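Hi,

Here's the structure I said I'd pass on.

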Amino acid sequence: MKQDKRPAGAAVKKRRFFNRISRKLMLFVVLMSMVLLALVWLLSVKLLEPMYNRRVLADLNHAADVYSAIIEKYGKFESFDKSGGVHIPSDMMEEIMDNRGLLAGKCFEVAGTDCKVLLHLHQLQSDQCLLHPNPLSQLMEYSEPQWNSTAAVNLRATTFVLGDLNFTLPDSRILPGLESTSGTRQMVVCRNINNQYSLILSTDLERVGQAADVISAQMPIIAAVLLIVSIAGAYVFSRWFTKPISAISRAAREMARGNYKVRVTPQADDELGALAGDFNTMAREVGRTSELQRDLIANVSHDLRTPLTLIKGYAETVRDLTGDNKEKRDEQLSVIVDETDRLSGLVNSVMELSKYSSGTEKLNPVQFDLAQLCDEVAYRYQNICEQSGYTLTVDAADPCTVTADPDMMSRVVHNLLANAIHHIGPDGCVALRVKPQPDAAVRVEIEDHGAGIAREDLPYIFDKYYRSRADAGKVGTGLGLSITKAILINHGFPFGVDSEPGKGSIFWFVTH
């Protein structure tokens with residue numbers, strides 16, 4: 001029987017990870033559903049009736065304002081005729097009829113100081129009016145007994161005493177004892193027009209309270225259904241949401257086991273997709289760093305092994321065989337000294353790179369002529385080039401004043417020239433050019449006609465310990481260009497390399 005070799009803690013961590021994220025998401029969705037349900041209950045039940053009554057009152061007040069303005073505009077009604085009626089001026093009546101649409105669904109009356117109705121209209125949805133029993137349903141200009149009920153007369157008198165009023169019937173103290181046998185409730189607005197007329201507008205209040213009670217009774221069922229749906233939806237959503245996170249977690253555990261080739265497929269073009277892309281970038285960089293570390297160990301081991309072997313061998317020879325032969329002893333001791341210098345150079349390069357990369361070496365920027373500095377550095381290589389039959393061409397005739405650390409910039413030019421000579425081509429030519437730019441910048445180029453750099457190696461050529469395929473097996477640690485990169489980054493100077501295999505390379509940097 002096969003045994004599962006995966007760490008027992010991995011499955012536990014996976015379950016815990018899922019449980020934490022899923023529970024939080026599910027709790028969040030359920031809480032949000034309950035909050036929304038509470039808001040719906042508040043708006044649809046508790047606030048339904050007050051908001052409805054406020055809207056009805058605003059509509060009544062608007063109609064009362066319009067008709068009060070019409071009556072004030074024309075002053076007063078004409079006197080009663082012989083039949084006991086009252087006639088309204090034609091212009092007033094015409095304007096009243098033009099605004100008759102405001103009276104839809106309302107009961108309207110105007111009375112004089114004797115509390116007798118002068119003008120009335122009944123357009124309520126229900127047949128019963130709490131103020132006017134059995135009213136007429138057309139605009140009338142004369143008094144009818146049913147329009148002068150006790151309740152109506154009392155309210156008109158109250159309006160002349162108290163002024164403008166608005167209240168609800170029958171549950172108001174304005175008209176005590178008034179009851180509704182059918183359960184009808186009315187909103188009433190009263191206006192005192194210059195103590196000459198009373199205007200009363202009323203409308204039925206639909207059974208909003210009963211509707212609110214019905215909705216309130218339905219809320220527990222709605223809440224239960226919504227809770228079930230929200231829990232199910234939250235569970236599905238949390239599984240869908242945590243799926244890419246779980247994939248990244250599994251990939252991270254694979255990386256912890258040393259598998260740097262693991263990758264995560266982005267599920268969507270969102271933040272989690274960007275996280276997956278960033279993880280893949282990190283995995284590539286960690287893998288490349290691990291590979292570079294292995295190469296470093298291999299290269300440094302090789303570079304250390306050779307001089308140490310020579311030092312040990314020649315030291316044993318001096319001890320055991322050379323004896324008093326001064327010539328051979330001096331020759332072998334010179335080899336020991338040279339190999340010791342190689343070891344010292346290797347250690348110094350590693351320390352120098354660490355110093356520049358960590359920022360412990362502080363910049364000391366001053367103004368100086370970069371063209372002169374490049375010419376001085378190139379002069380040091382003239383003897384080496386002459387002895388080897390090489391040609392070093394320097395184009396630095398124009399003064400180029402820059403602000404930088406001269407010692408560090410000298411190290412940069414030195415490294416780039418050494419690299420160019422190390423990769424010199426069959427023609428034996430190396431060129432150093434210092435070019436002033438229109439924006440007061442200076443561009444420095446070092447060109448060789450060597451083997452060039454492969455396209456796949458170009459992005460990594462300045463990385464520490466990196467060696468292109470063409471350099472495989474050569475002596476050196478590959479730290480020179482890394483030191484150059486660290487110095488130029490500290491200065492904030494752009495740099496790069498242009499190369500074509502078989503034609504050579506141009507390493508360059510630009511000062512500000």
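Helices α5 (208-256) and α6 (271-322) each put at least two residues into the lining of the largest cavity. Of the contributors, α6 gives the most, with 3 residues. Bear in mind as you read that this is a predicted model. Searching the whole structure turns up 1 cavity of 30 Å³ or more, and the largest cavity holds about 30 Å³ of space. If you want to find the spot on screen, select Pro244, Ile248, Val264, Thr265, Pro266, Gln267, Leu272, Gly273 and Ala276, which line the cavity. By class, that lining comes out as 6 nonpolar and 3 polar residues, with no charged ones.

Next, the helix packing around α9. Helix α8 (residues 370-388) packs against α9 at an angle of about 35 degrees, with the axes 9 Å apart, and the crossing is right-handed. On the α8 side the contact is made by Leu373, Cys374, Val377, Ala378, Arg380, Tyr381 and Cys385, and on the α9 side by Pro406, Met409, Ser410, Val413, His414, Leu417, Ala418 and Ile421. That contact has 12 nonpolar residues, 2 polar and 1 charged.

Then there's α9 (residues 406-422) with helix α10 (residues 480-491): here the angle is about 145 degrees and the axes are 9 Å apart. This time α9 passes α10 in a left-handed crossing. From α9, the residues involved are Met408, Met409, Arg411, Val412, Asn415, Leu416 and Asn419, and they meet Gly480, Leu481, Ile483, Thr484, Ile487, Leu488 and His491 of α10.

Asn419 deserves a click of its own. This α9 residue has a relative accessible area of 15%, so it counts as buried, the cut-off being under 20%. Leaving aside residues up to four places away in sequence, Asn419 touches Leu481 and Phe507.

Another buried residue is Met187, with a relative accessible area of 5%. Met187 sits in strand β4 (residues 185-193). What does Met187 touch, not counting residues up to four places away in sequence? The list is Asn53, Val56, Leu57, Leu60, Phe167, Thr168, Leu201, Ser202, Thr203 and Leu205. Take Leu205 from that list: Met187 and Leu205 are 18 residues apart in sequence, with their C-alpha atoms 6.5 Å apart in space.

Finally, some backbone points to check. Most residues other than glycine have a negative phi, and most peptide bonds are trans. The peptide bond from Leu169 to Pro170, however, is cis, with omega near 5 degrees. Pro170 belongs to the loop between β3 (165-169) and β4.

Cys115 has a positive phi, near 65 degrees, without being a glycine. Ala440 isn't a glycine either, and its phi is positive at about 70 degrees. Each of them is in a loop: Cys115 is between β1 (106-111) and β2 (117-122), while Ala440 is between β9 (429-436) and β10 (442-448). Are these two buried or exposed? Cys115 is buried, at 11% relative accessible area, whereas Ala440 is exposed, at 57%.

Cheers

Key. Residues numbered from 1 in each chain as written. Predicted model: local features only at pLDDT ≥ 70, side-chain atom pairs only at ≥ 80, totals over all residues. Heavy atoms only, no water. Axes fitted to C-alpha atoms, helices over the stretch in contact; angles between N-to-C directions. Helix = DSSP H or I, 4+ residues; strand = E, 2+ residues; numbered from the N terminus. Left-handed = near helix turned anticlockwise from the far one by under 90°. Contact = heavy atoms within 4.5 Å. 1 Å grid on protein atoms, 1.4 Å probe; cavity = no way out; pocket = protein on both sides within 12 Å on 5 of 7 lines; lining within 4 Å. Points joined across faces, edges and corners; volume = space filled by probe spheres on them. Nonpolar A, V, L, I, M, F, W, Y, C, P; charged D, E, K, R; others polar. Buried < 20%, exposed > 50% of the residue type's maximum accessible area, 1.4 Å probe, protein only.
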